[in-house]
Amino acid sequence: MLKLQMFINGEWLDSFSKETDDVINPANGKIIAEVAKGNEEDARTAIDSARKAFDSGIWSDLPAAERASYLFKIADKIEENASRLSKLESANTGKPFRESEYDIADAVDCFRYHAGLITKPDGQTYPVSDPVQAMVVREPVGVCGLIAPWNFPLLTGAWKLAPALAAGNTVVYKPSGVTPITTVKLFEIIEEVGIPSGVANLVMGDGATVGNEIAENDKVDMISFTGSTTTGRSIMKKASGNIKNISLELGGKSPNIVFADADFETAVDYALFGIFMNAGQVCNAGSRLLLEESIHEKFLDRLVKKAKEIRVGPGDQTSTEMGALVSKSHMEKVLKYIQTGIEEGATLACGGRRITENGLEKGYFIEPTIFIDTKPNMKIVQEEIFGPVLVVQKFKDEAEAILLANDTSYGLAAGVFSQDGAKALRVIKKIRAGITWVNAYNLAYNEAPWGGYKQSGIGRGLGTFGLEEFTEAKQININLEVEPTNWFGN
């Protein structure tokens, strides 16, 4: 069994309290690791370490090319250990091995992308009216508290750590206690490549203790959080004490709109991929399927048939197409939502129950589930379920599709399927969402910004936008005619 410690100021440490938590394989309920459980004291120690390292300039003063060289080395090490990391990721999260392989490969690309980006030309100059050279440069924010979710452990680590470190910040990273294994392995790599002590710190523990300390501590200059909207709202309040910079990637209830003129098989395929990839435990999941009335019955028949054929099982089995939910408590939460949908009057077209056959009785598996006969005000339509549960809605025309699509408090993602390019673009431009696709769904790229509108978050990750989140803009004005202003005459 793995024994996982925290990494603070270049050392691997147990928590001050010596408490630990068990880490469970959700496919079989077995304990696979023991992780140090930190508290406020551990978080403060990590923050002090990051503060001292930043103020010393040991990292921020390095040339960009030298910081980039460390990130390239991290990417190379992740790639060298990709198979092992993928297996650990699947064992800890329950996701199929093929999904973990993709996540690890994307993490490699993320570090390489930001390593390359940080050495490219940056800054601006302005032709102002006075004899002054005005310019703007980008500088690191300082100490960044990075708080990650449990659904994409290593990949989220890359999405946050790569830009933060590339920009010259120091970090305190808190992974989810449910899925910490590959994050610990990532920090082993960070240690191996020789990033200076105190630059990157890893602290584990509950959000109510460690997370709150990171959010509230005045020595932290920025918070980057990925998780639920409820927790994001709480972090915003706690971070207000010293007016921290804040970046939030929060929940979603994203619409996937299919018009009658869509390529039928492509739309069906992406509707499945949009909701059942990672068992629906994806912030941008296409959890609301909006179908034009004329294709509603035909599309549902095909969709339900294919959903029933999805092979559910342990992530380490090559035949598995959808894995377990991440924990028993989360499985019970999703099952409660399914029961709520039934009580609200929606109809189950397929799924809806925990799977306990074929050796899966000890795991946290739920059937791919599709609800029809839904109404816009139902909880299952309005609230993020974060599981393999799809709700289907019908629309008559473009106007109704747009109205339904925007009818939640979220605005993270959206998809439109149509072979009429002008119509697809008209609809996409009317949808209040930050990540959108036409004739595709669930595609993500390190080069493009990631984030949402409304209660789906603040700021953007990835791309040049994501790097700028971890910097401050400084205005510099150089007087080219050095002489008194005589403003006060005498």
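**Cavities, rings and a listed site**

Mentor: Fifteen residues, written 15 in the count, line the second largest cavity, and P255, A405, Y410, G411 and A413 lie nearest its centre. Please keep in mind that this is a predicted model.

Trainee: How many cavities of 30 Å³ or more does the structure hold, and which residues lie nearest the centre of the largest cavity?

Mentor: There are two cavities of 30 Å³ or more. The largest cavity contains about 70 Å³ of space. It is lined by 13 residues, with G280, A285, S287, E384 and F386 nearest its centre. Sorted by class, this lining consists of seven nonpolar, four polar and two charged residues.

Trainee: Let us turn to the rings. How is a pair of aromatic rings described?

Mentor: The structure holds 11 aromatic pairs. One of them joins F264 and F299, whose rings are 5.5 Å apart from centre to centre, with 75 degrees between the planes, and the pair is edge-to-face. This pair links distant parts of the chain, as F264 belongs to helix α9 (residues 264-276) and F299 to helix α10 (residues 296-308), 35 residues apart.

Trainee: Is F299 buried or exposed?

Mentor: F299 has a relative accessible area of 0%, so this residue is buried.

Trainee: Which residues do ring pairs link into a cluster?

Mentor: The cluster consists of F7, W12, Y173 and F187.

Trainee: Over which rings do the charged ends of K298 and K73 sit?

Mentor: For K298, the charged end sits over the ring of F264, 4.6 Å from the ring centre. F264 is also a partner in the edge-to-face pair with F299. For K73, the charged end sits over the ring of Y70, 5.5 Å from the ring centre.

Trainee: Finally, which residue does UniProt list for "active site", and where is its place?

Mentor: The unreviewed UniProt entry lists E249 for "active site". E249 is found in strand β12 (residues 245-249).

Trainee: Why does E249 count as buried?

Mentor: E249 counts as buried because its relative accessibility is 11%, and buried means under 20%.

Terms used. Residues are numbered from 1 along each chain as its sequence is written. This is a predicted model: local features need pLDDT of at least 70, side-chain atom pairs count only at pLDDT 80 or more; totals for chains, interfaces and linings use all residues. Side-chain values use heavy atoms; hydrogens and water are left out. On a 1 Å grid over the protein atoms alone, a cavity is a set of points where a 1.4 Å probe fits but cannot get out, and a pocket is an open set with protein on both sides within 12 Å along at least five of seven lines; lining residues have an atom within 4 Å of a point. Grid points are joined across faces, edges and corners, and a volume is the space filled by probe spheres set on the points. Ala, Val, Leu, Ile, Met, Phe, Trp, Tyr, Cys and Pro count as nonpolar, Asp, Glu, Lys and Arg as charged, and the others, Gly among them, as polar. Rings of Phe, Tyr and Trp (its six-membered ring) pair if their centres lie within 6.5 Å; planes under 30 degrees apart count as stacked, over 60 as edge-to-face and the rest as tilted. Helices (H or I, at least four residues) and strands (E, at least two) are DSSP runs, numbered from the N terminus. Buried means under 20% relative accessible area, exposed over 50%, partly exposed in between (1.4 Å probe, protein chains only). A charge sits over a ring if NZ of Lys or CZ of Arg is within 6 Å of the ring centre and within 35 degrees of the ring normal. UniProt positions are given in the numbering used here, feature names are shortened, and annotations may be inferred rather than shown by experiment.
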